[in-house]
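Please keep the viewer open while you read.

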Amino acid sequence: MNHSQGFLKDIQISCLVVGWLLSNTASIILSFRVWGGQSMTDSAPSWFFYSAEMIHSLFLINHLGDIFLEKHWKSVISRSVCDYFFEAREKAVDPENVPPVLQTPHHYLISIYRGKLFFLSVIQTEVPPLFVIEFLHRVADTFQDYFGECSESVISDNLVIVYELLEEMLDNGFPLATESNVLKEMIRPPNILRSVVNTLTGGSNVGETLPQGQLSNIPWRRAGVKYANNEAYFDVTEEIDAIVDKSGTTVSAEIQGVIEACVKLSGMPDLTMSFMNPRLLDDVSFHPCVRFRRWESERVLSFIPPDGNFTLMTYHISSQNLVAIPVYVKQSINFFEAGSCGRLDITIGPKQTMGKTVEDLKVTIHMPKAVLNANLTATQGNYTYDCTTKMLVWDIGKLNPQKLPNLRGSLSMQTGVPNPEENPSLNIDLKIQQLAISGLKVSRLDMYGEKYKPFKGVKYVTKAGKFQVRT
Amino acid sequence: SSKNIINYNFYELVILFNSANDNKIFYLIWSSHDDLKEMLDSNKDSLKLEAMKRIVAMIARGKNASDLFPAVVKNVACKNIEVKKLVYVYLVRYAEEQQDLALLSISTFQRGLKDPNQLIRASALRVLSSIRVTIIVPIMMLAIKEAASDMSPYVRKTAAHAIPKLYSLDPEQKDQLIEVIEKLLADKTTLVAGSVVMAFEEVCPERIDLIHKNYRKLCNLLIDVEEWGQVVIINMLTRYARTQFLNPNINGGSGDKTFYGSDEDEDEDEEEKEKKPYVMDPDHRLLLRNTKPLLQSRNAAVVMAVAQLYFHLAPKAEVGVIAKALVRLLRSHSEVQYVVLQNVATMSIKRRGMFEPYLKSFYIRSTDPTQIKVLKLEVLTNLANETNISTILREFQTYIKSMDKDFVAATIQAIGRCATNISEVRDTCLNGLVQLLSNRDELVVAESVVVIKKLLQMQPEKHSDIIKHMAKLTDNIQVPMARASILWLIGEYCEHVPKIAPDVLRKMAKSFTNEEDIVKLQIINLAAKLYLTNSKQTKLLTQYVLNLAKYDQNYDIRDRARFIRQLIVPTEKSGALSKYAKKLFLALKPAPVLESPFKDRDHFQLGSLSHLLNAKAGGYQELPDWPEAAPDPSVRNVEVKESVRAVGTVTHRDTGALWGPQRMEGSESCSFPRAQSSEEEERKHQRKSKPRKSESESESDEDEESESESSQSESEDSESEAEVKKKKKVQTRVNYRGRPQEEGVFLQTIAPSSTLKSYELLHRITGEGLSVEYCFSRQPFSPDANMVAVQMQFTNNASSDTKNLHIEDVKLQSGMRVKEFPEIELLPAGETATAVMGIDFCDSTQAANFQLCTHTRKFFVSIQPPVGELMRPVFLTENEFKKEQGQLMGMNEITEKLTLDVKCRNEHTIVQRVTTAANLSRVPCGSDKECRFAGRTVTSGSLVLVTVATKEEGAAQLTVNCEKMVIGTMLVKDILQALTQ
């Protein structure tokens with residue numbers, strides 16, 4: 001007992017603490033020494049041992065290269081480990097070209113680039129790189145979900161919530177709770193009203209109730225959901241990824257589809273969604289809530305939905321299928337040796353639009369370095385040319401089939417520099433409302449398990465994904 | 001302590017200085033830690049919380065807050081949850097530095113470990129095990145051991161997480177930890193499975209023997225495990241399979257013949273082996289079959305894990321399925337693309353055919369990041385063959401025009417590789433590359449030169465004009481590597497360009513001193529070769545070059561000059577070697593092989609970090625080679641029940657599907673033997689049923705899950721069990737598992753264990769070959785929670801197919817409803833199919849009558865439920881139970897005295913019999929003389945409470961409390977029968 005009291009005195013613990021200390025604590029401390037068999041001062045630091053865990057530390061780094069958050073799930077790793085990353089970052093010029101996996105003498109660095117931020121994790125041992133990458137994106141998604149965006153300012157403003165989230169998402173470097181519904185039960189997302197109330201009353205972000213979701217077999221849904229208006233909305237969004245060559249032939253075309261859901265239904269609804277033409281969907285991936293066997297046998301989506309927003313499924317219609325291309329582009333871009341100038345002439349017209357209107361049409365061209373300026377006229381919309389980034393953007397808007405938009409004019413080139421050999425490619429952006437270009441249609445949505453009548457809605461939209469026209 | 005003060009002040013300054021740079025409010029707040037200490041000492045939670053938030057923000061920014069340790073640690077027992085949580089965060093961060101002080105907090109966690117709330121127990125264990133203080137190792141060990149047998153799966157999961165933490169703190173605990181791992185591996189909940197395999201991988205990946213008994217269970221649970229756990233389990237099982245099964249591709253053609261779940265007896269297996277070269281182990285097949293649906297996961301890591309499993313384990317003919325899923329991942333974030341493409345690059349070398357249909361998905365966009373472009377190029381090159389090369393080359397032509405010069409260089413190399421691999425296009429490629437020599441961009445020209453050099457080496461005699469052309473380039477090209485390549489070419493093939501070569505040497509001699517080192521070395525080479533072939537013209541030039549080199553700054557060059565002079569210029573001293581100089585320098589050199597950098601990378605497990613880096617990372621487990629002969633497959637047999645083997649192939653469980661929301665409150669599940677389990681298999685089971693040892697030790701930690709290997713029921717009624725098997729009945733097991741009795745407070749619940757009875761709906765003879773059995777699966781019927789799920793098994797014993805199996809003409813009492821099963825379109829002869837229908841019996845035992853129709857016949861059938869199936873379990877605490885019971889007295893209570901059957905005098909059997917008779921769950925109870933059960937009727941949700949109080953000599957009293965008197969009366973009858981017979 002003497003021993004332990006001396007130890008307490010050493011560290012000058014206030015009377016309060018001693019009072020708070022139960023007598024049995026003291027005896028436990030005493031017995032530690034016996035068990036441990038070594039004095040505490042010369043015990044080896046834990047990092048001395050080979051430690052195998054998945055994600056050791058996380059650093060958040062902004063575009064200037066400042067580390068503005070660090071979190072360690074085991075012993076602390078010095079920030080200096082990031083220097084290897086900065087070196088690679090420097091070398092890559094473009095942030096997109098930083099290798100996601102780097103090897104340093106003692107660690108491995110795995111990073112992602114999201115919203116102008118680098119999420120850099122430190123790894124010590126073998127781990128599937130995709131495991132870490134997927135997790136880091138999940139962290140970024142969670143921030144997005146909580147704060148509406150994933151940026152340095154918003155993370156710095158919510159540092160404590162962010163830290164609490166990271167604490168719950170990973171235990172000893174292994175993912176623990178990554179479902180947004182479970183996390184929201186434990187840590188409430190900020191909102192203005194509550195943060196005012198919190199500052200006045202000292203209230204907290206942490207949920208009072210203990211999270212039950214984690215314990216259940218449907219961790220994606222929290223219990224006791226109640227809404228006055230029960231509604232379920234589904235957005236079917238398809239993006240066309242295409243490469244069209246100079247002559248207008250399609251080199252490759254694929255469709256990336258996603259069904260995003262916003263489900264606000266009380267209780268434990270069990271939903272079934274069926275399609276008019278499920279045969280289109282031969283390459284799919286699902287939210288864990290979807291019953292896969294049911295899909296395999298009946299081609300319907302049967303699921304108990306998470307509460308709120310989530311991605312129900314994504315699908316891919318590969319280039320082996322015939323994909324409709326909504327617009328055609330007639331273009332000619334020429335550079336002339338003499339007079340150091342160039343000519344540009346682009347016309348866009350509708351191709352396979354299924355009778356719908358093409359909106360938000362936009363053409364982006366990354367010009368060769370030698371192009372100094374552009375002097376063009378657009379029959380519709382506006383164009384801008386940024387001399388530093390060499391980006392020509394032509395914002396057209398709605399496509400009028402009667403009067404096709406045209407952009408033409410001259411390009412002024414740097415003199416004395418040989419003509420660029422390459423022709424820039426055109427990136428097209430567009431949007432078509434009320435159409436899924438693949439022809440996919442939801443035929444019905446049924447709800448079981450609850451008695452009320454929900455309001456249901458499905459919206460379709462087609463967009464250009466990576467839609468590129470080569471010149 | 002005066003030293004402390006100085007440090008402290010210094011620290012203040014640092015803080016002031018740092019915070020001045022921050023645009024945030026920290027300047028004011030952090031001017032002094034005394035404020036924070038005061039706030040922490042105050043009585044107001046709001047102040048404490050504010051202080052903790054600031055401290056955590058400091059930690060997040062990487063600032064030192066360790067001096068606040070004493071002030072913070074006092075609040076570890078704070079009532080406010082958020083303060084407490086933040087204190088935990090702080091504690092875990094600084095405990096290592098302040099070990100003595102950290103010990104003060106331990107008692108709080110020890111108390112937490114005993115909390116009745118499972119979440120608090122779990123969180124206490126989580127924090128305790130995260131405190132990296134060596135001295136508490138024994139405490140942690142004890143806590144982990146206890147938690148590993150906790151009744152809550154969530155706490156057990158936390159225990160599994162704690163294992164690697166303790167291991168890294170003190171590796172000497174390994175043996176004890178392995179025991180815990182072994183115990184947890186036997187756990188049957190999906191919640192625990194992923195975490196314990198993770199612990200296994202980190203602590204004892206070499207102990208593959210621990211997996212045997214759990215192999216089939218892990219395969220079957222896999223689809224319901226959370227996604228991160230899936231990755232870990234799949235990777236581990238890949239390694240396991242490589243040690244236990246035979247290479248399915250060992251004899252070439254075997255890939256197209258696969259033996260789906262061939263469940264033959266072992267002797268038959270051997271016979272098979274003599275006849276056929278290879279038979280896939282059913283367990284091998286099980287793994288492949290159960291992982292395949294996960295290719296549809298939204299999680300890229302899971303998809304990759306399955307893909308690598310198929311790549312390493314599947315017969316060639318089946319590997320193709322992964323290509324589509326991997327191609328889908330290419331739409332994901334660029335980091336995901338990067339990793340996936342690396343793996344596709346490796347796979348596409350070995351299994352080119354697999355990705356060929358997706359060629360276009362690897363086409364490159366100008367907007368792709370360079371590192372992605374280069375990887376796609378690699379894949380395209382690997383996929384190139386005689387048929388698609390023209391398409392690929394056309395694609396490459398557009399790439400060469402790209403603005404991204406690094407990418408252009410990579411494209412030129414890719415063209416070179418295509419040209420070496422496919423001789424048909426060699427000349428086309430060469431011509432294309434020669435055209436590039438007039439490109440304006442020097443990098444492009446240089447890269448072309450290097451590639452052309454390699455190509456020319458294959459057939460130099462045909463291409464002396466190209467060599468001439470290149471000789472001219474020396475005037476313009478400045479890139480050292482290209483200059484060196486040209487010089488080497490001219491030297492090597494100087495006989496093809498006898499006039500030009502000496503002239504090139506002349507020019508080079510002039511510029512020698514200004515050249516890069518690699519170029520200088522090649523000039524010396526060129527000089528030497530010319531001297532040997534054409535000494536008349538070049539003797540002086542060579543001398544001159546060698547003299548220049550002799551005084552070069554670089555000693556490599558000096559050495560080279562000295563060496564070459566000795567070799568080529570004959571003097572008295574030079575030995576026999578100079579005679580062979582010409583042979584040495586102008587020997588025929590083999591053409592370089594242009595290989596993919598990804599060749600042979602597949603000796604690393606795909607998807608691993610080591611594969612990506614092409615170097616072994618720390619902790620990497622080698623992928624073992626297939627064994628020559630398969631190890632004994634019987635090690636995976638679980639001794640508990642014969643039916644396990646059939647069950648091992650049951651895969652109809654679904655992602656969370658068969659589980660309703662109430663699963664945690666007493667759930668159930670059922671597994672029919674799957675379709676293929678034919679008569680033959682059944683016979684085998686009977687043959688195999690030798691007496692098994694009753695596993696008393698496993699009783700304590702039985703838990704539910706998809707397996708039907710409930711070990712609890714078997715010891716008692718092996719007779720009735722044989723019955724069960726004969727009729728192909730299916731068991732279900734238990735949910736709630738108790739801890740061994742001696743453990744104190746939480747051990748109350750021993751779970752209901754029940755055996756699903758199956759009933760005949762249509763006999764084989766009446767059904768003209770179609771026989772139908774049904775059982776009450778005791779699962780929530782997901783389309784309608786008020787319905788009882790009835791699982792039907794159709795067997796077509798006839799010799800012709802049965803089509804369009806469906807229900808018609810349902811006749812029901814008023815209020816009753818039926819949800820029919822989806823029509824079974826085809827039931828081939830000899831096959832079995834299952835379907836689930838839902839019936840709302842309105843809490844009555846009235847039969848539901850309907851017609852079962854096939855394409856030719858209609859049969860009248862009816863389903864009448866035993867009263868015990870009209871309820872579903874609910875989980876109540878002891879107090880809730882007593883409270884509810886108090887409200888169901890009088891008319892609602894029925895009591896009967898009984899004498900228990902001799903075989904039924906222990907608690908375990910009573911529980912088992914009651915839960916078999918009625919779908920109820922066990923309620924924890926402090927007394928060991930009483931067993932309590934609770935449930936609610938399916939339609940009206942009325943509570944059903946059952947109490948069995950045992951007395952001396954097998955005397956007992958049964959009490960049923962239920963609002964619905966009819967149900968109560970009937971239930972009493974049924975339970976009485978169950979307990980007395």
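The report below goes through some strands and a helix, one at a time.

This is a predicted model, in which local features need pLDDT of at least 70 and side-chain atom pairs count only at pLDDT 80 or more, while totals for chains, interfaces and linings use all residues. Residues are numbered from 1 along each chain as its sequence is written, chains are lettered from A and ligands numbered from 1 in the order in which they are written, and side-chain values use heavy atoms, with hydrogens and water left out.

Let us begin with a helix in chain B. Helices (H or I, at least four residues) and strands (E, at least two) are DSSP runs, numbered from the N terminus. Helix H12 of chain B, residues 174–185, has twelve residues and reaches 16 Å from its first C-alpha to its last, close to the 16 Å expected at 1.5 Å a residue; the expected span is 1.5 Å times one less than the number of residues. Its buried residues are B:Leu177, B:Ile178, B:Val180, B:Ile181, B:Leu184 and B:Leu185. Why do they lie on the same side of H12(B)? They cover an arc of only 160 degrees around the axis, which puts them on that same side; the arc is that of the directions from the helix axis to the C-beta atoms. Buried means under 20% relative accessible area, exposed over 50% and partly exposed in between (1.4 Å probe, protein chains only). The face of H12(B) turned away from the buried side carries the exposed residues B:Asp175 and B:Glu179. On the buried side, the packing partners in chain B are helices H10 (137–148), H11 (153–169), H13 (190–203) and H14 (215–221).

Next comes a sheet in chain B. It is open, with five strands in the order S1-S2-S3-S7-S5 and antiparallel pairing. Strands S1 (758–762) and S5 (817–819) of chain B stand at the edges with a single partner strand each, so one side of each is left without a neighbour in the sheet. Neighbouring strands of this sheet are turned by 30 degrees against each other on average, direction ignored.

In strand S8 of chain B (residues 848–853) we find B:Gln851. B:Gln851 is buried, with a relative accessible area of 8%. A polar contact of 3.2 Å joins its side chain to that of B:Asp809; such a contact is a pair of N or O atoms within 3.5 Å, and within protein one must be able to donate a hydrogen and the other to accept it, with residues adjacent in sequence counting only if both atoms are side-chain atoms. Leaving aside neighbours within four places in sequence, B:Gln851 is in contact (heavy atoms within 4.5 Å) with residues including B:His806, B:Lys858 and B:Phe860.

In chain A, strand S5 (residues 117–123) is mostly covered, with seven of its seven residues buried. A:Leu117, A:Phe119, A:Ser121 and A:Ile123 point one way, and A:Phe118, A:Leu120 and A:Val122 the other. In the hairpin of S4(A) and S5(A), which has two residues between the strands, A:Gly115 takes a positive phi near 55 degrees.

The table collects strand pairs; two strands pair if DSSP finds at least two bridges between them.

| Strand pair | Sense | Bridges |
|---|---|---|
| S1(A) and S5(A) | antiparallel | five bridges |
| S4(A) and S5(A) | antiparallel | seven bridges |
| S8(A) and S23(A) | parallel | 13 bridges |
| S21(A) and S23(A) | antiparallel | six bridges |
| S5(B) and S7(B) | antiparallel | three bridges |

Technical notes
Axes fitted to C-alpha atoms, helices over the stretch in contact; angles between N-to-C directions.
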